[in-house]
Amino acid sequence: MPSPRKYSVGVDLGGTNLRAVAVSDDARVLGKISGDTNLSAGRDAVIKDMVNAIRKLDDACGGGDLAGVGVAVPGFIDMKRGFIVGSNNLPQFDRFPIRDEMNRLLGKPVILENDANAAAMGERWLGAGREVDDLVLLTLGTGIGGGVILNGKIFHGSIGMAGEFGHMTVYPGGNPCGCGNEGCLEKHASATAITAMARLMQLGESVPAREVFRIATEETGDRQWRAIRIFEKMGEALGIAIANLVNVFNAPLYLLSGGPLPAWDLFAPAMLDEVKRRSFTFRNSKTRIERAVLGNEAGLFGAAYLPLAGHTLLPHHLEIEEN
Ligand SMILES: [Zn+2]
């Protein structure tokens with residue numbers, strides 16, 4: 001493999017999967033490693049796996065200049081001290097100085113970032129947001145998270161908790177949420193909320209979102225009508241939230257990613273109706289609301305971007321497959 005001018009390694013440390021990618025500053029993928037996050041072996045073993053993966057990629061890129069390592073993790077990041085706070089997926093890492101420990105082992109700059117923020121940055125670098133400096137990403141999963149990019153940079157807020165869109169109130173007095181509020185977006189529009197609505201609509205006790213999607217697209221009659229209605233309700237809740245975001249940020253682009261995305265045609269019309277109704281800014285600007293394109297690789301590429309952010313990057317022509 002030819003030696004790139006400069007490159008970085010992005011790591012996506014999830015509760016189940018550990019992935020790493022080496023990317024050059026002109027966005028060529030130089031190598032990729034994926035495996036399991038071996039949490040049962042303990043924290044030190046997971047750090048060792050990460051360091052080994054990074055060294056392996058660095059060796060394979062021999063002769064280049066590793067700018068640094070970006071690590072995307074689920075949970076809040078204490079940016080000043082470089083550790084993860086309150087992650088349900090990585091409890092062993094709570095308040096452990098993971099950034100400094102990896103920096104010590106690798107002798108390279110290490111940047112820690114929340115995975116949804118990294119995903120927003122990945123979309124901005126190589127995905128659906130390549131043309132814009134400001135964008136907002138909402139990630140739909142068991143909960144709803146997201147990230148805000150302003151002037152090409154991740155907006156963290158004062159303690160790194162910006163972009164918690166899942167807990168925006170969309171229905172005062174709506175469904176109660178574990179955060180202490182009620183009517184939170186993620187109680188009305190996440191994959192978990194779809195399953196909860198399916199139970200209320202008597203489609204089954206614990207029907208996964210993808211099965212509700214199948215019923216909506218393949219079945220007929222009353223069951224199909226109920227499944228379609230669930231996605232309309234989800235779209236309404238999302239639309240209320242996005243209208244508020246449009247009114248606050250006036251960003252040119254809002255992206256959605258995550259498991260329920262294949263149901264776009266079912267929820268998007270209701271979503272866009274709500275945004276139109278509730279946002280003067282949306283009606284009077286060229287605001288786009290679209291699907292993210294990098295899927296579950298957005299965080300990985302966003303993490304790889306972080307150490308390169310201070311450098312002048314070359315233009316790139318990476319072809320991304322739409323998913
Ligand atoms: Zn909440």
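What covers the buried residues of helix 5? The legends below take that up in the first view and then move on through the rest of this predicted model.

**View 1. Helix 5 and its cover.** Helix 5 spans residues 191-200, and its buried residues are Ala191, Ala193, Ile194, Thr195, Met197 and Ala198. The cover over them includes strand 8 (135-140), helix 4 (186-189), helix 6 (209-218) and helix 7.

**View 2. Val212 and what it touches.** Setting aside neighbours within four places in sequence, Val212 makes contact with Ile194, Ala198, Leu203, Val207, Ala227 and Ile230. Two of these, Ile194 and Ala198, also turn up among the buried residues of helix 5. Val212 is also one of the residues with the most contacts inside the largest nonpolar core.

**View 3. The largest nonpolar core.** This core holds 102 residues, and Val9, Val11, Val212, Ala241, Ile242 and Phe301 have the most contacts inside it. Helix 7 (residues 221-249) is the top contributor, giving 12 residues. The core lies between domain 1 (7-121 + 297-308) and domain 2 (131-292), because both of them give residues to it. For background, nonpolar side chains tend to be buried together in soluble globular proteins.

View 4. Read across, the strand order is 3-2-1-4-7, and the pairing is mixed. Strand 3 (29-36) and strand 7 (110-114) sit at the edges with a single partner strand each, so one side of each has no neighbour in the sheet. From one strand to the next, the twist averages 15 degrees. Zooming in on one pair, strand 4 (residues 66-73) and strand 7 run parallel and are joined by five bridges. In that pair, Val69 stands opposite Val110 of strand 7.

**View 5. Two helices lying across the sheet.** Helix 3 (residues 115-126) lies across strand 1 (7-13), strand 4 and strand 7, and runs at about 100 degrees to strand 7. Helix 10 (residues 298-305) lies across strand 1, strand 2 (17-24), strand 4 and strand 7. Its direction is at about 140 degrees to strand 1.

View 6. Domain 1 takes in 7-121 + 297-308, while domain 2 covers 131-292. Their C-alpha centres are 28 Å apart. The contact uses 10 residues from domain 1 and 15 residues from domain 2. On the domain 1 side, strand 5 (76-78) and helix 3 each supply at least two residues. Helix 3 has the largest share of that side, with five residues.

**View 7. Zooming back out to the chain.** There are 10 helices and 12 strands in the chain. Its radius of gyration is 20 Å, close to the 20 Å from the globule rule for 323 residues, so the chain is as compact as a globular protein of that length. Along the principal axes, the C-alpha atoms fill a box of roughly 60 × 45 × 40 Å. Buried residues account for 46% of the 323 residues.

Conventions. Residues are numbered from 1 along each chain as its sequence is written. This is a predicted model: local features need pLDDT of at least 70, side-chain atom pairs count only at pLDDT 80 or more; totals for chains, interfaces and linings use all residues. Two strands pair if DSSP finds at least two bridges between them. Helices (H or I, at least four residues) and strands (E, at least two) are DSSP runs, numbered from the N terminus. Axes are lines fitted to C-alpha atoms, for helices over the stretch in contact, and angles run from 0 to 180 degrees between N-to-C directions. Two residues are in contact if their C-beta atoms, placed from the backbone, lie within 7 Å. The radius of gyration is taken over C-alpha atoms; the globule rule is 2.2 Å times the number of residues to the power 0.38. A residue is buried if 20 or more other C-beta atoms lie within 10 Å of its own, exposed if 12 or fewer, and partly exposed in between; C-beta atoms are placed from the backbone. A nonpolar core is a set of buried Ala, Val, Leu, Ile, Met, Phe, Trp, Tyr and Cys residues joined through C-beta atoms within 7 Å. Domain bounds come from an automatic or database domain assignment.
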